[in-house]
Amino acid sequence: MSTGYRVVQWNRHKMVYDLLVWTGVAVYVSVFVLGGLTLMRGERAVSAPILVMRALGTCAIVLLHVTLCIGPLARISALFAPLLYNRRHLGVTTFLVAALHAAVAVGFYGAFGVRGPLVAVLDSGVRGAPFEAMGLGALLILFVMAATSHDFWLKNLTPRVWKGLHLLVIGAYALVVMHVAWGALRSEGSVVYAGLLGFGAAVVCGLHLFTGWREVLRDRRGARVVDGWIDAGPAEKVHEGHAAVVTVRGGERIALVRHEGALCAMSNVCAHQGGPLGEGGVIDGCLTCPWHGYQYGPCSGASPPPFTERVPTHRVKVENGRAMIEAREGETS
Amino acid sequence: MSVMSVLLWALGAHLLVGAVVGAAFVLRGLQRVDGAAVGAGWGVRLALWPGAAALWPVTLTMWLGAVRRGAPTPARTARGMRALRTAHAWAWVAAATLIGWGLVGALAARERTSQVIAETAP
């Protein structure tokens, strides 16, 4: 959190997560290459460098699809939230695997000409389709995202700018799909690969469109502010140690939490990455963000010492059994 | 010189300047920008170097204090998140449209290429 920086804030969960990811990458690439060398013989034989290039490329695409599906899946079911916790590591892994794919491709296709390898590959273009440039564009975006994945950048660019910068992944994904569709698939006779790519794109885009627009509509149908107060519904619906998300028409969401019998309200936006605090619960006396575990005093909005994060709070009153939240943000102390 | 060569030279120049600015920043400027980075180890500085290099104009602006940014207050963050949710939804609409057309176009181009190959084959 806010007390100092380390290269990686390792814990057991992250170590297991990374071990599984890198083992998975190693197994995938090994099986792909060895399987290709063993099964594709004679006229269908493919050289080892091309198999390695294809293995790394398809691995990066699979990783990108998984990374992009985690966010919307976590919005649909809390079961996927543990995957969200370490998503940045998956993103950095995706960049590294994609960079290896690019290095092998540039080395194999462009290393022996009179021009620079990168220029030779980018200028070649299969039948006028600049699919290599699309791949390079996607790789550059993934590089910027990986390079700014550290908490230092999140804090100093501000979460809003940082998350805005990382929306570029949507452009990177579109470029990757185009890179494959206008490159490898142009010379591939089977429709299976085109079908797989189309299916993957449909799943990723479908999940994001479904959850994204559900959130936008939720915002638009939020509670109205009447005389400076927001009717958050029956107070009894928020149980001890639990929280609820209150959407406000024209405003940002609010987390309503019950702790030691009292109802308290604070901004629903975690100071770390903007996670939904109202979807978390009270752990060790603090409302805990379901995304990365940042914690805040339920009624003060302040992180426990030595941490210094704060979120704005709101006054709460109960009238005729209904929780009423003051629209104006209060000062945390 | 092709357009691609010019773009690659520009990219190379950007990264070269970035490597120098980024190295200076992680060695000398880090702690001036963020108090939490005081005493940061070599591993942290090395991890921040690629980002400082890639975004070197931003890095330089932060370091020199050319733009006086206020501290990222929670209220500013909260207001930004609602706009980001909307931007995120629209960005996926644009991406889905682009991907859909791109896939259909690539498949159509593949069919045309197959026909040309079949017609010109001896």
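Predicted model: local features only at pLDDT ≥ 70, side-chain atom pairs only at ≥ 80, totals over all residues.
Phi of A:Glu260 is positive, near 50°, and the residue is not a glycine. Strands (E, at least two residues) and helices (H or I, at least four) are DSSP runs numbered from the N terminus.

**A:Asp284 in the loop between strand S6 (281-283) and strand S7 (286-288) of chain A****.** Although A:Asp284 is not a glycine, phi is positive here, at about 50°. The relative accessibility of A:Asp284 is 74%, so the residue counts as exposed.

**The open sheet S1-S2-S11-S10 of chain A.** Four strands, paired antiparallel, make up this open sheet; two strands pair if DSSP finds at least two bridges between them. Strand S1 (225-226) and strand S10 (316-319) of chain A are the edge strands; each has a single partner strand, so one side of each has no neighbour in the sheet. Strand S2 (residues 229-234) and strand S11 (residues 322-326) of chain A are joined by four bridges. Within that pair, A:Ile230 has A:Ile325 as its bridge partner in S11(A), and A:Pro234 is opposite A:Arg322 in S11(A).

**The hairpin of S1(A) and S2(A).** S1(A) and S2(A) run antiparallel and are joined by two bridges. A:Val225 has A:Ile230 as its bridge partner in S2(A). Two residues lie between the strands of this hairpin, and A:Asp227 takes a positive phi near 55°.

**Helix H2 (residues 48-76) of chain A and its kink.** The 29 residues of H2(A) should span 42 Å at 1.5 Å a residue, and the end C-alpha atoms are 42 Å apart, so the two values agree (the expected span is 1.5 Å times one less than the number of residues). H2(A) has a kink of about 30° at A:Ile70, shortly before the proline A:Pro72. The bend is the angle between axes fitted to the seven residues ending at a residue and the seven starting there.

**A:Leu185 between H9 and helix H10 (191-220) of chain A****.** A:Leu185 counts as buried because its relative accessibility is 8%. Leaving out residues up to four places away in sequence, A:Leu185 touches A:Val180, A:Tyr193, A:Ala194, A:Leu197 and B:Arg110 (contact means heavy atoms within 4.5 Å). A:Leu185 and A:Leu197 are twelve residues apart along the chain, and their C-alpha atoms are separated by 9.5 Å.

**The cis peptide bond between A:Pro305 and A:Pro306.** Omega of this bond is about 10°. A:Pro306 lies in the loop between strand S8 (295-296) and strand S9 (313-314) of chain A.

**Confidence along chain A.** Chain A has a mean pLDDT of 88, with 95% of its residues at 70 or more; pLDDT is the predictor's confidence in each residue, from 0 to 100.

**Notes.** Residues are numbered from 1 along each chain as its sequence is written, and chains are lettered from A and ligands numbered from 1 in the order in which they are written. Local features need pLDDT of at least 70 and side-chain atom pairs 80 or more, totals for chains, interfaces and linings use all residues, and side-chain values use heavy atoms, without hydrogens and water.

Methods:
Buried < 20%, exposed > 50% of the residue type's maximum accessible area, 1.4 Å probe, protein only.
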